[in-house]
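Q: I would like to learn to read strands, sheets and helix packing in a model. Can we work through one together?

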Amino acid sequence: MTDTHTPDAPVLHARGISKFFPGTIALDDVELRLMPGEVHALLGENGAGKSTLIKCLTGAYRRDAGTLLMDGQEIHPVSTADSQRLGIGTVYQEVNLLPNLTVAENLFLGRQPMRGGFIARRRMNEEARAVLAGYGLRIDPAEPLTAYSVAIQQVIAIARAVEMSGKVLILDEPTASLDHDEVQLLFDVIRQVKARGLAVVFITHFLDQVFAISDRATVLRNGRVVGECLLAEMTQRDVVTMMLGRQLEARTKARDVGPAGKTLVEIDDLGKRGMMAPFSLNIREGEVVGLAGLLGSGRTETANLIFGVEPADQGRIALRGQDISIKNPRDAVAHRFALCPEDRKIDGIVGDLSVRDNIILALQARQGWMRPIPRAKVEEIARSYVRALDIRLASLDMPIRLLSGGNQQKALLARWLATNPAFLILDEPTRGIDVGAHAEIITLIEQLRADGMALLVASSELEELVAYSTRVVVLRDRQQVRELTGDQITPDNIINAIATEEVA
Amino acid sequence: MTSQTIGPRPSVMRRILPQLVILAVALALNVAVFPEFFEIDFRNGRLFGNLIDVLNRGAPVALLCIGMTLVIATKGIDLSVGAVMAIAGAVAASVVVDGHGWGTALLAALAAGGLCGLWNGLLVAVLRIQPIVATLVLMVAGRGIAQLVTEGKILTFDNPGLIHLGAGTVAGVPTPILIWLALGALVTFVVRKTALGMLIEAIGINERSSRLAGINSRVLLVCVYLVSGLCAALAGVIVAADIKGADANNAGLWLELDAILAVVIGGNSLLGGRFSIIASLIGALIIQSVNSVILLSGLPPEFNLVIKALLILGILVIQSPRIGNYIYLLKASGPQPEPDAPASRPTKEETAR
């Protein structure tokens, strides 16, 4: 992580930043150096710690360790307003401006030019026009914000942040909802901001955009800095490797596939317009199919389509040769499908219910409310899974939200295992959980496969996928681009499939 | 934290203790202003006494808060119950005025209330309109509908069967008391002896997770609004029977707010989730006891609403999380450190994303 390239001192230097949450280390001794007049990409898969790092910089979170130096002076932002005053402005994916106010009012909110106790509206509009012209925008600042597209609003937000802060501009996925031309417009603005000598932090999942606009990158993985690099010296493949893989020495392990079971689930041309290109997939009993791909490549979408979270608008699913219709998760559960979702907090746990109730929830939902599972049986099921999966808790009565991430994930696994599923879909089963639980979940996956269950596991952890998958399907831009079997399954091959522009 | 000791289920008693304490204080206030408060006479085959009055007069709000508790547990709210009371009263009155029996009238009123609940449920569960807006529709329109049924006048009746529901007694106990006790017990029994209670709580806490776990949230949502409508219908019939007439303009006026208040005093979160019908019922009794204090104290009636507001404010302040934290800290000889609010963080994360 030596840098001899830029002679300037960093405008913002974060050193040894650590942040702990119960049960996880979100940031571990992270360093970030932002030079004036450069665009610095912050890269990493979801859960790598990008958001947490940004929140520590902007004062939304208090860092647990480390120093933050701005122009060599240590700073302690306690709120986003505070960090703005110190010179750090942030623009988020969802524009956080006020849609019911005019462009000029948004630009100057809180520091409007005044005359005799009243807002000097004409002067404000003139100044707004001048400011926006500096960004190449010729629009009427007296119009309400909503009169303009998201891209223009994005630029207005940037203008506001730059005018107010003026040293560091953080762009958190600003291009996520923009089309190609709009992205170019935004890039022009970013170049102007850069030319003014600001340090720009650019966060995105689109690698093409990273290479198009950024000078340098810091790559995070599991809360640690993997490396800082000059992008001019890197290829996309190098960056993907840094983001996903630690040791890429192909770990050829004796694959104990066992006898291939009967085909359990056949998916034929299943797809939904605007969400996922049609795909086909067969999964046999006693088989783990891995789903690989970068964020936004369609891993979660695939899982959601199969489970009926989003009803597909074409294609068919057959179970043991019989066509079945899955219009919602209830249908899927009735056919003994199970899905452990990616976002535990939003889609998984029912936070205020006890761990016991959370474990029993899916089974009880399938039985219907008329047939409650007897208290003793509930107790037995909950206890047996707590023991089998080694869920650490003080009491089965405690609300599940108080458990650590890893234990929540195990409780969710228990919820689905209690329904005795034939087909288990796991979406990022090991994200954001501690190392111990991580290893246990991987062991569990292998065990379930050996017991004859069919599993579909989406993960961004390549070594993990390589370790337990009998087949790996690689996704890119919401399409299946490659299927790897047997000895082909290596982290290297997966990365090649992800990063190659065109796959034959 | 590593041991797997499995503690006892938090008992019902512990859950309703704060409400019982407040109720005791409210009753003590009654005694303070009116020493004979607890005296109960048995005259002409009926129990008389101020305590009986509290139980009897509290019946409409008690009935409403049974349904309201379930609705609020799903993170919803039902503003229409007052208006539904008026509709149900009007329907019952017009049926007996047309010469039918009280049984038919009761069934017709329940059907009307059920229909209203169904309407609310469909707006909320199928059209996904926010509950406060969805039920506001019927809150406003309901009184109009009731007026259409009574043709704009106060519809009086003298059917003894119907009047019995509001003003009669069974074995000396006023019928409304028996009705709300029975319905409260029935609904509590059904939601706790089946899985209904847990599923309703799950929806209220995290509907998305619940749906993904295979819960039919749509049907359950419709059901809770249906129950709320039925409860309101019963309350409406009792109120109409009590005054032997259906007053479309005033029957159940503002009672939706009392019902919501009863649920809140009962310690149920307006954000949905864990609920206790028993605690809500005690909440309804607390409100009625407060009404009784004001009445018995002999203060000029102008003071009534202000004093009630002050007492309620006091109750809510005592129950506020802030004060709860102070109490928690005062007796913080306990071993467990406060968990580092992991629950509040993710919400921030979501909004920033």
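Q: Which strands of chain A form a hairpin with two residues between them, and which residue in the turn has a positive phi?
A: The model is predicted. In it, strand 21 and strand 22 of chain A form the hairpin, with two residues between them. Asp477(A) sits in the turn and has a positive phi of about 50°.

Q: How many bridges join strand 21 of chain A to strand 22 of chain A?
A: Strands of a sheet pair through backbone hydrogen bonds, either parallel or antiparallel. Here strand 21 and strand 22 of chain A run antiparallel, joined by six bridges.

Q: In which sense does strand 21 of chain A pair with strand 15 of chain A, parallel or antiparallel?
A: Strand 15 (residues 287–292) and strand 21 (residues 471–476) of chain A pair in the parallel sense, over four bridges. Leu291(A) stands opposite Val473(A) in strand 21 of chain A.

Q: What is the strand order of the six-strand open sheet in chain A?
A: The order is 18-19-20-15-21-22 in chain A, and the pairing is mixed. Strand 18 (337–340) and strand 22 (479–485) of chain A each have a single partner strand, so they stand at the edges with one side lacking a neighbour in the sheet. From one strand to the next, the twist averages 15°.

Q: Which helix of chain A packs on this sheet, and which strands does this helix touch?
A: Helix 17 (residues 491–499) of chain A does, touching strand 15, strand 21 and strand 22 of chain A. The direction of helix 17 makes about 25° with that of strand 21 of chain A.

Q: What is the order of the four-strand open sheet in chain A, and what is its pairing?
A: The order is 2-1-4-5 in chain A, with antiparallel pairing. Strand 2 (24–34) and strand 5 (73–74) of chain A are the edges: each has a single partner strand, so one side of each is left without a neighbour in the sheet. Strand 1 (residues 12–21) of chain A pairs with strand 2 of chain A over seven bridges, in the antiparallel sense. Leu12(A) stands opposite Leu34(A) in strand 2 of chain A. Helix 1 (residues 50–58) of chain A packs on the sheet and touches strand 1, strand 2 and strand 4 (65–70) of chain A. The helix direction makes about 65° with that of strand 2 of chain A.

Q: Now chain B. At what angle do helix 4 and helix 11 of chain B pack?
A: Two packed helices are described by the angle between their axes and the distance between the axes. Helix 4 (residues 81–97) and helix 11 (residues 217–243) of chain B pack at about 55°, with their axes 7 Å apart. That makes helix 4 of chain B oblique to helix 11 of chain B. Their crossing is right-handed. Residues in the contact include Gly89(B) of helix 4 and Gly236(B) of helix 11 of chain B. By class, this contact of helix 4 with helix 11 of chain B has 14 nonpolar, four polar and no charged residues.

Q: How far apart are the axes of helix 5 and helix 6 of chain B?
A: The axes of helix 5 (residues 102–126) and helix 6 (residues 131–150) of chain B are 9 Å apart, at an angle of about 145°. The crossing of helix 5 and helix 6 of chain B is right-handed. Among the contact residues are Trp119(B) in helix 5 and Pro131(B) in helix 6 of chain B. The residues of this contact divide into seven nonpolar, two polar and no charged.

Conventions: Residues numbered from 1 in each chain as written. Chains lettered and ligands numbered in written order. Predicted model: local features only at pLDDT ≥ 70, side-chain atom pairs only at ≥ 80, totals over all residues. Axes fitted to C-alpha atoms, helices over the stretch in contact; angles between N-to-C directions. Parallel < 35°, antiparallel > 145°, perpendicular 65-115°, else oblique. Left-handed = near helix turned anticlockwise from the far one by under 90°. Contact = placed C-beta atoms within 7 Å. Nonpolar A, V, L, I, M, F, W, Y, C, P; charged D, E, K, R; others polar. Pairing = 2+ DSSP bridges.
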